[in-house]
Amino acid sequence: MHKAHLLIVDDEEKLRGLMARILGLEGYQVTEAKDIKAGLKTLEREDIDLVLCDVKLPDGNGIDATAQIKAAYPSTEVIVLTAYGNIKDGVKAIQNGAFDYLTKGDDNERLIPLVSRAVEKAQLQKRVQALEHKVNKRYGFDSIIGSSEAIKDAIRLAQKVAPTDATVLLTGETGTGKEVFAQAIHYNSPRSKKSFVAVNCSAFTKELLESELFGHKAGAFTGANRDQKGLFEEAHEGTLFLDEIGEMDLELQARLLRVLETGTFIKVGDTKTIKVNVRIIAATNRDLLKESEAGHFRSDLYYRLSVFQIPLPPLRERKKDIEALALHFIRNGAEKINRRPPLMDADFKKMLQQHTWKGNIRELKNILERAVILAEGDTLTTDLLPLDMQYCPESPNSFDLAVVEMNHIRKVLAYTKGNKTEAARLLNIGLATLYRKLGEE
């Protein structure tokens, strides 16, 4: 915890100095200001935990200043210094957001305990604020990387729907970041303080998924030794994210539709109805409209789920974002193995741009984390990429013999850390031949 920083705003220099000395001896960092203007400048410049502010000041009233300070710096606490017996000022100051008030010259014994409690509250609020900022950075819309129009359109739609309770359907290929969007919608909604619960519908059999979603009573089936809460109960007043919803069994789809329509369900093996308040965000890589027309997905459920659809673009349609995403995954990968993030050489970047990314962002993430682990130097080179990326029909010249030969020479040079004599020896060619081939590049 940082050393608490206090600001005393008072035009009486001697009293201000005395309070500063007393509080300084208690281990606080203390800054002084003679009027409101100077105090506000200090607040702009410094991270202040607590302001002790006199009521009567040369350029204004400390009670009005309290409201101004709390509006601009909500986590900074204010203690107002009132004249003897003027309780009315103290009460008004508290109404304006002050933590408490002190009577000047008469409340010396209250000073230290009151300051201690005010500082504790201010620092707790700042820790909560920092945690919320960290959560938002990790799960909010700030966590979605990219500046291409395709991704910006998707973010704009998600930001519009987030504050509502509307059911959302996220569509797009596997690996396009549907769970990241679902989390961002949840953490920017009024439900953000409640649970975000995610389940992949393709990861369970029909029976297991039914038990996961709705819970079960003891004895409902073999192995059900005790009552079990389902994910709908876990997500009460929060958000339930149903990934790969297109894989859900038709019978289960009917049960899900009932929850969406009535907000109620019955546990497996039970007869009692349970009421829940849950927001549903679903995701699929299938065309659910076509699936419903073919009889593989309930059309009534489709229309309930698709109240607000957000299509997520594949990575090949947002190539502008590849480098920014790559830098992010390289930093994360390096952090995991406690090393400095390596750079990408020009050919490495070019190959990332040329690839079709059938696995989308997930594929990019996995490839870059692997490259960071394999890299021995401080630069990522093409030899660290999977062979199918280095030699594949995606690049027009990938089967050209000269291109294949040059790629191999680059790999060997990377292995020898640029030592051309050693590279020529390993390639079993003369040094002059190596220089000639490099000159042909």
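## The largest pocket

Four helices each supply at least two residues of the lining of the largest pocket: H5 (108-139), H7 (178-187), H13 (322-336) and H15 (360-374). The model is predicted: local features need pLDDT of at least 70, side-chain atom pairs count only at pLDDT 80 or more, and totals for chains, interfaces and linings use all residues. Residues are numbered from 1 along each chain as its sequence is written, and side-chain values use heavy atoms, without hydrogens and water. Helices are DSSP runs (H or I, at least four residues), numbered from the N terminus.

H13 gives the most to this lining, with 7 residues. The lining has 33 residues. Nearest the pocket's centre lie Ser 143, Val 180, His 328, Phe 329 and Asn 332. By type, the lining holds 9 nonpolar, 9 polar and 15 charged residues. Here Asp, Glu, Lys and Arg count as charged; Ala, Val, Leu, Ile, Met, Phe, Trp, Tyr, Cys and Pro as nonpolar; and the others, Gly among them, as polar.

## Helix H18

H18 covers residues 420-427. Its buried residues (under 20% relative accessible area, 1.4 Å probe, protein chains only) are Ala 423, Ala 424 and Leu 427. They sit on the same side of H18 because they cover an arc of only 100° around the axis, taken from the directions from the helix axis to the C-beta atoms. On the other side, Thr 421 and Arg 425 are exposed (over 50%).

## The ends of H18

At the start of H18, a side-chain oxygen of Asn 419 comes within 3.2 Å of the backbone nitrogen of Thr 421. Asn 428 follows H18, and its phi is positive, near 60°.

Key:
On a 1 Å grid over the protein atoms alone, a cavity is a set of points where a 1.4 Å probe fits but cannot get out, and a pocket is an open set with protein on both sides within 12 Å along at least five of seven lines; lining residues have an atom within 4 Å of a point. A polar contact is a pair of N or O atoms within 3.5 Å; within protein, one must be able to donate a hydrogen and the other to accept it, and residues adjacent in sequence count only if both atoms are side-chain atoms.
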